[in-house]
Amino acid sequence: MQHFGRVTQIMDCGTCPYRTSRMFCNLSPPSLEKFKAIGSNCDVSKGVTLFREQEACDEIFVLCTGQIKLFCTSKAGKRVILKVAQPGDVLGLSAMIAGARHEATAEAIESVQFKRVRKAEFNEFLHEHIEASLHASHALSLESNRALINIRRLAVSASAAGKLAAVLLNWGCGASHREGESRFAMTLTHEELAALAGTSRETVTRTLRRFQDEQLIQIAGYSIRILSPRGLEELSG
């Protein structure tokens, strides 16, 4: 069990803006109060690893703020980025329930806060609160469905632009929506984004510039706003 910094103040579960969009955290008051009482609240800085590929899974992590990248490494040492976890995501849930090892490494790509709950304590919570068990099942189904959708988008997109459009759309799904647009912080480098989209860094830089010229997205510093989800959908196939 790794030792992370513990925080006494963290985003309150009762007023968290992600509860309505993230099924697992959106519990009734009794279940939510019990969930707040278990586990521990932690924070880590950019670059810290929460867990590693093939390590035994003995706890879950509910991401409260910040972003975490999940990646696996080939025998040749090449990293493949699988996804970027957003606030509200539950990491380690599928491995814990299946009694399996972690399938990926989780690394903070900015300062993050999260709630960690040990396996025994979490299983007891699910046993006592049937609602939480249903929400956990729904969260697993949603995670699987999103993974399949993302794989399909990347598989059917013949062009690099289509693959990058699919990545941005998938990332935007976890962002806050307003008037048909979504905005999120791009905390990956162009090289990491290329690894996620299965293309080259040069292609990513060129394609992002093209997307801006065509007013599909708007980039301001590390922030990306999707202006035309439909336009990106058409590119991704």
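Q: Why does L227 count as partly exposed?
A: The model is a predicted one. The relative accessibility of L227 is 29%. Buried would require under 20% and exposed over 50%, so L227 counts as partly exposed. L227 belongs to the loop between β13 (223-226) and α8. Its C-alpha atom is separated by 5.0 Å from that of I217, 10 residues apart along the chain.

Q: What makes E107 a buried residue?
A: Buried means under 20% relative accessible area. E107 has 15% relative accessibility and therefore counts as buried. E107 is placed in strand β8 (residues 105-108).

Q: Which residues is E107 in contact with, leaving aside its neighbours within four places in sequence?
A: With those neighbours set aside, E107 is in contact with G47, V48, T49, I68, K69, F71 and R79. Contact here means heavy atoms within 4.5 Å. As for Q67, 40 residues apart from E107 along the chain, the two C-alpha atoms are separated by 8.8 Å.

Q: Why is Q215 called exposed?
A: The relative accessible area of Q215 is 59%. The cut-off for exposed is over 50%, so Q215 is exposed. Q215 lies in the loop between α7 and β12.

Q: What is phi of Q215, a residue that is not a glycine?
A: Q215 has a positive phi of about 60°. Most residues other than glycine have a negative phi. Q54 also has a positive phi, near 75°, and is a residue other than glycine. Q54 is found in the loop between β3 (49-51) and β4 (59-65).

Q: How do you know that the span of α7 is close to the expected one?
A: Helix α7 (residues 201-213) has 13 residues.

Q: Why are the buried residues of α7 said to line one face of the helix?
A: The buried residues of α7 are T203, V204, T207, L208 and F211. Seen down the axis of α7, these residues fall within an arc of 130°, so they line one face. An α-helix has 3.6 residues a turn, so residues three or four places apart point the same way.

Q: What do the buried residues of α7 pack against?
A: They pack against α5 (160-172), α6 (190-197), β12 (217-220) and α8 (229-236).

Q: Why are α6 and α7 called roughly perpendicular?
A: α6 and α7 pack at an angle of about 95°, with their axes 8 Å apart. Angles of 65 to 115 degrees count as roughly perpendicular, so the term applies to α6 and α7. H190, E191, L193 and A194 in α6 meet R201, V204, T205 and L208 in α7. The residues of this contact divide into four nonpolar, two polar and two charged.

Q: What makes α5 and α7 roughly perpendicular to each other?
A: Their axes cross at roughly 75° and come within 10 Å. The range for roughly perpendicular is 65 to 115 degrees, and α5 and α7 are therefore roughly perpendicular to each other. α5 contributes A160, A161, L164, A165 and L168 to the contact, while α7 contributes T203, V204, T207, L208, R210 and F211. By kind, the residues of the contact of α5 with α7 are eight nonpolar, two polar and one charged.

Q: How do you know that the buried residues of α1 line one face of the helix?
A: The buried residues of helix α1 (residues 29-37) are S31, L32 and F35. Down the axis of α1 they fall within an arc of 100°, so they line one face. The face turned away from this buried side carries the exposed residues P29, P30 and A37. After α1 comes G39, with a positive phi near 70°.

Q: How many helices and strands are in the protein, and what share of its residues count as buried?
A: The protein has eight helices and 13 strands. Of its 237 residues, 44% count as buried.

Note on methods. Residues numbered from 1 in each chain as written. Predicted model: local features only at pLDDT ≥ 70, side-chain atom pairs only at ≥ 80, totals over all residues. Heavy atoms only, no water. Helix = DSSP H or I, 4+ residues; strand = E, 2+ residues; numbered from the N terminus. Expected span 1.5 Å × (residues − 1). Buried < 20%, exposed > 50% of the residue type's maximum accessible area, 1.4 Å probe, protein only. Arc of directions from axis to C-beta. Axes fitted to C-alpha atoms, helices over the stretch in contact; angles between N-to-C directions. Parallel < 35°, antiparallel > 145°, perpendicular 65-115°, else oblique. Nonpolar A, V, L, I, M, F, W, Y, C, P; charged D, E, K, R; others polar.
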